[in-house]
Amino acid sequence: MSVLIQTNRLLDCEGLACPMPVVKTKKAMEDMKSGEVLEIRATDKGSVADLQSWAIRIGHLYIGVKEEGGVFRHFIRKSAENEIKPEIKHPHIISNEELSKKIASGDNVKIVDVREPAEYCFQRIPGAISIPMGELEMKLSQLSPDEEYAVVCRTGTRSDLACQIFVDQGFSKVKNVIPGMSMWEGPVEWDE
């Protein structure tokens, strides 16, 4: 049985990569009334974890996602003003340059790459651990909370959300890499 979801507005984010689906969704939600449902259409596989994490952290109801022919149709219901939480950024960051220096000096920092597998396989920081954002909560038990982590994505948006998940799970030595792989000039590796 197919259930029809009544939406009040459609937002086209097809062809856009992180962070744009989240950025455009934030803007669209500002112009909506509480209880209204926004449908976001995106082709970026990372939007599945990104939009769900963002909605939950802000306090909106993430109804779900349907995939049809490579297009992810997300449905988010805007919460009442008294249910919306202020957006919080992870306070601890590390610049691309600082991380590159730590790597070059042999500092013991673990790099966690939260991009999708396709992004990771085409360009990554050598030694980075791939844990896509959508799998992070399930896989955090494989990491030690005593280690120092630098969390990287394409622009610093997805990794900011990931850092907050790390902290919620008891990790205290976590930094968000800004601006991330989109501007990374240090050494890289990729799958053959």
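**Figure 1. Charged side chains and overall dimensions of the predicted model.** Lys and Arg count as positive and Asp and Glu as negative, whereas His and the chain ends are not counted. The place of a charge is taken as NZ of Lys, CZ of Arg, CG of Asp or CD of Glu. On this basis the protein carries 24 positive and 30 negative side chains, and the centres of the two sets are 4 Å apart. The structure is a predicted model, in which local features need pLDDT of at least 70 and side-chain atom pairs count only at pLDDT 80 or more, while totals for chains, interfaces and linings use all residues. Residues are numbered from 1 along each chain as its sequence is written, and side-chain values use heavy atoms, with hydrogens and water left out. The C-alpha trace spans about 55 × 40 × 30 Å along its principal axes.

Figure 2. Helices (H or I, at least four residues) and strands (E, at least two) are DSSP runs numbered from the N terminus. The protein comprises 6 helices and 9 strands. Residues are termed buried under 20% relative accessible area, exposed over 50% and partly exposed in between (1.4 Å probe, protein chains only). Of the 192 residues, 43% count as buried. Accessible areas come from the Shrake-Rupley method with a 1.4 Å probe, and for residues only the protein chains shown count as cover. The accessible surface is about 10,200 Å², and carbon and sulfur atoms account for 52% of this area. A contact requires heavy atoms within 4.5 Å. Of the contacts between residues at least 6 apart in sequence, 71% join residues at least 24 apart.

Figure 3. A disulfide is a pair of cysteine sulfur atoms within 2.5 Å. By this rule the count is 0 disulfides. For C153, the closest cysteine sulfur belongs to C18 at 5.0 Å, which is too far for a bond. For C163, the closest cysteine sulfur is that of C153, and the separation of 9.0 Å is likewise too far for a bond. C153 is buried, with 0% relative accessibility, and C163 is also buried, at 0% relative accessible area.

Figure 4. C18 and P19 are joined by a cis peptide bond with omega of about 10 degrees. P19 is placed in the loop between strand 1 (9-13) and helix 1 (20-30). A cis peptide bond also joins I178 and P179, with omega of about 5 degrees. P179 belongs to the segment after strand 9. As background, most peptide bonds are trans.

Figure 5. Helix 4 covers residues 117-122 and includes A118. A118 is partly exposed, since its relative accessible area is 47%. Between A118 and A49, which are 69 residues apart in sequence, the C-alpha to C-alpha distance is 15 Å. C121 also lies in helix 4. Leaving out residues up to four places away in sequence, C121 touches W190 and D191.

Figure 6. F171 is located in the loop between helix 6 (157-168) and strand 9 (174-178). With a relative accessible area of 4%, F171 is buried. Beyond its neighbours within four places in sequence, F171 is in contact with L140, L143, S144, P145, Y149 and F166. The C-alpha atoms of F171 and S130 are separated by 18 Å, and these residues are 41 apart along the chain. D168 lies in helix 6 and counts as exposed at 53% relative accessibility. D168 and E137 are 31 residues apart along the chain, and their C-alpha atoms are separated by 9.9 Å.
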